[in-house]
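Hi,

Here is the structure I promised to pass on. Have a look at it first, and my notes follow below.

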Amino acid sequence: MPDCIFCKIINKEIPAKIIYEDDRVVAFDDIEPQAPVHVLIIPKEHVATLNDLTEEHTELVGYMTQVAKKLAKELGIDEKGYRVLMNCNRQGGQAVYHIHLHLLGGRQMHWPPG
Ligand code: AMP
Ligand code: ZN
């Protein structure tokens with residue numbers, strides 16, 4: 001998707017601190033971290049929002065969760081705990097319209113999230 005900043009990160013057209021990449025996903029540090037660990041895990045396929053997921057994406061989203069789990073362990077936040085979430089559309093707080101899992105950790109999380 002030409003105007004999508006996350007597609008540009010995937011295509012290395014804009015820089016990002018990529019910490020993991022394979023044929024299906026890319027993970028990189030959030031540019032405005034909300035916690036000591038704040039990583040975004042995105043699919044290489046452009047999907048705008050959670051609403052656009054089809055049954056064909058089921059395996060991909062499951063895989064993104066597996067990558068989040070693996071990175072949480074590698075980053076040393078798995079035992080203390082962490083949060084994984086996806087925002088959808090305006091009221092959900094979505095700013096970038098290419099789906100992404102936020103992996104947040106390294107501090108106490110609060111609920112409700114606000
Ligand atoms: P969301 O509000 O769920 O759409 O999250 C978008 C996230 O992308 C925010 O946490 C931003 O800080 C982050 N972000 C936006 N642009 C970049 C970028 N160029 N590199 C890394 N993270 C970014
Ligand atoms: Zn995109």
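In what order do the elements of the chain run from the N terminus on? They go α-β-β-β-α-β-α-β, with 3 helices and 5 strands in the chain. Helices here are DSSP runs of H or I with at least four residues, strands are runs of E with at least two, and both are numbered from the N terminus.

Before the details, some housekeeping. This is a predicted model, so local features need pLDDT of at least 70 and side-chain atom pairs count only at pLDDT 80 or more, while totals for chains, interfaces and linings use all residues. Residues are numbered from 1 along each chain as its sequence is written, chains are lettered from A and ligands numbered from 1 in the order in which they are written, and side-chain values use heavy atoms, with hydrogens and water left out.

The 5 strands form an open sheet in the order β1-β2-β3-β5-β4, with antiparallel pairing; two strands pair if DSSP finds at least two bridges between them. At the edges sit β1 (18–21) and β4 (82–85), each pairing on one side only. From one strand to the next the twist averages 15 degrees. β4 is joined to β5 (residues 101–105) by 4 bridges, and one residue pair to look at is Y82 with its bridge partner G105 in β5.

Helix α2 (residues 58–74) lies across β1, β2 (25–29), β3 (37–43), β4 and β5, at about 155 degrees to β3. Contact there means heavy atoms within 4.5 Å; axes are lines fitted to C-alpha atoms, for helices over the stretch in contact, and angles run from 0 to 180 degrees between N-to-C directions.

Ligand 1 is surrounded by 16 residues, and the closest are D30, N87, G93, A95 and H102 (a heavy atom within 4 Å is the test). As for polar contacts (pairs of N or O atoms within 3.5 Å), polar side-chain atoms of H100 and H102 each lie 2.8 Å from an oxygen atom of ligand 1. A backbone N or O atom of I31 is 3.1 Å from a nitrogen atom of the ligand. Taken alone, ligand 1 exposes 500 Å², and the protein buries 83% of that (Shrake-Rupley, 1.4 Å probe).

Lastly, some backbone details. The peptide bond from W111 to P112 is cis, with omega near 5 degrees, and P112 is found in the segment after β5. K12, in the loop between α1 (5–10) and β1, has a positive phi of about 60 degrees although it is not a glycine.

Cheers

Terms used:
A polar contact is a pair of N or O atoms within 3.5 Å; within protein, one must be able to donate a hydrogen and the other to accept it, and residues adjacent in sequence count only if both atoms are side-chain atoms.
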